[in-house]
Structure formats: C-alpha cells, structure tokens
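Welcome, and please take a look at the model below.

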Amino acid sequence: MTDTVLVERDGRIAVVIVNRPDKLNALDHDTIQALRDAIVSLSADADVGAIILTGSGEKAFIAGADIGGLSKQGVLDGKANAQHGQALTLAMEACPKPVLAAIQGWALGGGLEMALACDMRFASTKARLGLPEVSLGIIPGYGGTQRLPRLVGAGKALELILTGDPVPADEALRIGLVNGVFEPEALLAGVRAVAEKILSRGPTAVALAKQAVRRGVHLPLAEGLELEADLFGMISSTAEMKEGMQAFLEKRKPDWS
Ligand code: COA
C-alpha cells in the first residue's frame, strides 16, 4: 500500500506531502491520522525548524475530506469525524514551529480547512480555494466555519461558505485568505524562502511569538496582553535574547546555536 503522507527533509525544513494524487489528495480517516502523527512527531523533532504542508501532483493541494467515507456517516460518527479532522488542525496550531501551506491547485473543503490551520498560506496562480460543503448537503466540519471568518471577516466567509463557490488565487490574496501568490513552478521555492527567513530568526522567539498570537486571538485584550508580558518575561531569561542583542551591538549575525 502507498504511504498517503510523505515527509521530505531539506535541512531544517520538513515538507509534509499528502499523497493520494489519484483522489486529488482527498483526506480519508487514515490519512488524517497519518498527517496528525507526522505533525506531532515533527513538533517534537529538534532537527526541524519549520514545516511546509502541500499535496502530491499539480492539480490539487487537498480536494477535501474523502466524500466516499463521509457519505456513510450518521449522527454520532459524523460528529466524531469532525472532531478527528479538528484534532489535526489543533495539532498544527499547537506546533511550536511555523507551519506553512503551499497550495498548488484545488484547496477545497477539508483541504482549505487544513490550510486555514496553517500559520501562513501561499498559493500558485492556478490554485482555487473554497468551502463547497453546502453543495454536498453538509457544512464545513474541520474548523472552516470558525477560522475562515476570523481570517477574512464574517461577510466574506459567509459568501464563500453559503455559495460554496471557490475563489481563484488573486481573489484569495485580495481578501487576505492567502499571504502570497507565486507562479506554479516557483511556489515551493517561494515558500521555502519564507521558511528560511523565519529559520534565520531566534528559534525560541519564533516559537513564543507564534504561541502569543495563537493563544492570544482567543482571549480578551487584557488577558492577551498579560500572556504577551509573561512570554516576553520568559524570552528575557534566555541566552538567545542575550545573543540576539549582543550580535546587533557588535554588528554581526547572531549565532543561535
Ligand atoms: N473525495 C473523494 N474523492 C475525490 C474528492 C473528494 N473530496 N475530490 C476528488 N476526488 C476524486 C474523484 O472522485 C476522482 O476519482 P475517480 O478518478 O476514481 O473517479 C478523482 O479524484 C479526480 O477527480 P475529478 O472530479 O475527476 O477531477 P476534476 O478535475 O474533473 O474535478 C474537482 C476536480 C476538485 C472540481 C472535483 O474533483 C470535485 O469537485 N471534488 C470534490 C470537492 C469537494 O466537494 N470537496 C469537499 C468535500 S467535503
């Protein structure tokens, strides 16, 4: 049996590839589990500093949850299926390293929901992104109804969710759904360059900054500021902070090792 999730290492970057190209990388139950296992394992791997999530082949990032599997669900396993996918999205958000989506083609339904849980999204000019669930008589279940409005605002999110129509890459960029757009052949290199830039920064600072944003968006402002101050205090105790500032004063590049 072919592995439905592949992990390729390139220095400190891990590229996680959903590998069901004949099904446009649709996510069945086992693939979701394999993706979650990969994210949890890479989260704990000290040799990995950043993760790129992408799909196999040129046509699709991920064309959604596997409709064959979903078509058989009832009330109880329907809820469990949603929670199974949500657990993967939560693992990506909790990962202390940046997780970047490289979206080369279709990012639909559960596929867009995986991208929404990434820290940044980059698309090829050929990508199309949408939440078509209502056309199948269901609603998004892996966080789409919650994360999309937080990213693009309730009005635009409702337009995408209620019409089910996908948007092309340029429109996705305009509404803030993706961070950048590349020509198809330049997509992976472009996303790697962003990851490399992040890797050149203080690694603990990157992890704590991600944590401050990820946890802070769910908090009232006063509690978010408290969290930020706590994490700021924590980073102030590190050798990393001393090295970062010393390097600036000595007009040299910091050595994070
Ligand atoms: N679940 C299961 N299989 C899927 C799938 C999904 N979400 N998306 C695509 N596939 C399968 C197709 O059934 C087809 O399999 P087959 O060759 O065994 O028949 C294969 O992937 C290729 O897809 P196909 O529809 O032939 O490609 P296309 O280029 O004509 O159309 C899409 C591409 C993305 C527009 C179309 O596949 C589609 O609408 N997919 C469903 C998207 C969706 O609703 N996702 C949300 C699910 S909750």
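## Basis of the model

This is a predicted model, in which local features need pLDDT of at least 70 and side-chain atom pairs count only at pLDDT 80 or more, while totals for chains, interfaces and linings use all residues. Residues are numbered from 1 along each chain as its sequence is written, and side-chain values use heavy atoms, with hydrogens and water left out.

## Around the ligand

Let us begin with the ligand. There are 13 residues around the ligand, and K23, K59, A63, A65 and I67 come nearest (a residue is near if one of its heavy atoms lies within 4 Å). By class, this shell has nine nonpolar, no polar and four charged residues; here Ala, Val, Leu, Ile, Met, Phe, Trp, Tyr, Cys and Pro count as nonpolar, Asp, Glu, Lys and Arg as charged, and the others, Gly among them, as polar.

Now for the polar contacts, meaning pairs of N or O atoms within 3.5 Å. A polar side-chain atom of K59 is 2.7 Å from an oxygen atom of the ligand, and a backbone N or O atom of D22 lies 3.4 Å from a ligand oxygen atom. A65 uses a polar backbone atom, 3.0 Å from a nitrogen atom of the ligand. The ligand taken alone exposes 870 Å², of which the protein buries 59% (Shrake-Rupley method, 1.4 Å probe).

Strands are DSSP runs of E with at least two residues, and helices are runs of H or I with at least four, numbered from the N terminus; two strands pair if DSSP finds at least two bridges between them.

## The four-stranded sheet

Another open sheet, also mixed in its pairing, has four strands in the order β4-β6-β8-β9. Its edge strands are β4 (60-62) and β9 (167-168). Two bridges join β8 (residues 128-130) to β9 in an antiparallel run, and R128 stands opposite P168 in β9.

Terms used. A polar contact is a pair of N or O atoms within 3.5 Å; within protein, one must be able to donate a hydrogen and the other to accept it, and residues adjacent in sequence count only if both atoms are side-chain atoms.
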